[in-house]
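This report describes a protein chain for a reader who is new to structural terms. Please keep the sequence and the model in view while reading.

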Amino acid sequence: MATSKSPLRYLESRKNLTGSACGLVGLALTFTGVAGAYWPVVVAGLYGAGALIAPPERPPLPDFPDPSAQLEELRADFGKLREYLDGVELPPAAGGRLTELTELVAALLDPGWVAEVLAQDPEGVHTLSRAVRQDIPEAVDTFVRTRWWTRLAPGTEPPERHLERQLALLHEESDRLAVSLRETEARRQESHTRYLEDRGRSQ
């Protein structure tokens, strides 16, 4: 299939178009009598020269989803995560920390101006994506499995302590992201104030 497309691709290429344009110049020289009996050589030479000087073809950029599409996918995955968490029984303290964390994540992902600011922060999107798709489910799943083994070997360190610490760290990370987004908006507001002040002074 690639072989059948290659002739058409070359016909539409910059090399062929530039070479053809130069070849037309050669034909014009032939009609005016400049090329003389050697006109085929002149036309072919000009075509070849045009093809050589033409800029190389630039392959198209990968079609990656835009930030808004990434957030839509992340919201869908967060919905799946919440369904999973609803079926997990956690101790009260860990459950409270998890609720605080998921509420903060939900607020950051909620469609609106916050999500618009988040979409302009690739690192922030990555941080939130990692928390939703990896860190939170792994923390809870590890707790569930470790708790089962702890019941077989009582006296070891309660696994909920690790879960509470993990959830607290994830909450701190998400909270730093929220603060960063708020500071971005604050800088935007300050920049607009300076712009209005400068515009007023220039009038």
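## Terms and basis of the model

A residue is called buried when its relative accessible area is under 20%, exposed when it is over 50%, and partly exposed in between (1.4 Å probe, protein chains only). Helices (H or I, at least four residues) and strands (E, at least two) are DSSP runs, numbered from the N terminus.

The model is predicted: local features need pLDDT of at least 70, side-chain atom pairs count only at pLDDT 80 or more, and totals for chains, interfaces and linings use all residues. Residues are numbered from 1 along each chain as its sequence is written, and side-chain values use heavy atoms, with hydrogens and water left out.

## Overall composition

The protein chain contains eight helices and zero strands. Of its 203 residues, 28% count as buried.

Contact means heavy atoms within 4.5 Å. Among contacts between residues at least 6 apart in sequence, 72% join residues at least 24 apart.

Helix H8 covers residues 159–202 and has 44 residues. From its first C-alpha to its last it reaches 65 Å, close to the 64 Å expected at 1.5 Å a residue; the expected span is 1.5 Å times one less than the number of residues. The buried residues of H8 include Pro159, Leu163, Glu173 and Leu181.

Helix H5 (residues 92–109) has 18 residues, which should span 26 Å at 1.5 Å a residue; its end C-alpha atoms are 25 Å apart, which agrees. Among its buried residues are Ala94, Leu98, Leu101 and Leu109. Viewed down the axis of H5, the buried residues fall within an arc of 160 degrees (taken from the directions from the helix axis to the C-beta atoms), so they line one face of the helix.

## The nonpolar core

A nonpolar core is a set of buried Ala, Val, Leu, Ile, Met, Phe, Trp, Tyr and Cys residues joined through side-chain atoms within 4.5 Å. The largest one has 30 residues, of which Leu71, Leu109, Leu118, Leu128 and Leu163 touch the most other members. Two or more residues come from each of helix H4 (67–86), H5, helix H6 (113–119), helix H7 (122–152) and H8.

Which residues does leucine 71 contact, leaving aside its neighbours within four places in sequence? They are Leu109, Ala115, Leu118, Ala119 and Val125.

## Confidence

The predictor's confidence in each residue is given by pLDDT, from 0 to 100. The chain averages 80, and 67% of the residues score at least 70. Confidence is lowest in helix H1 (residues 2–11), at a mean of 52, and highest in H5, at 95.
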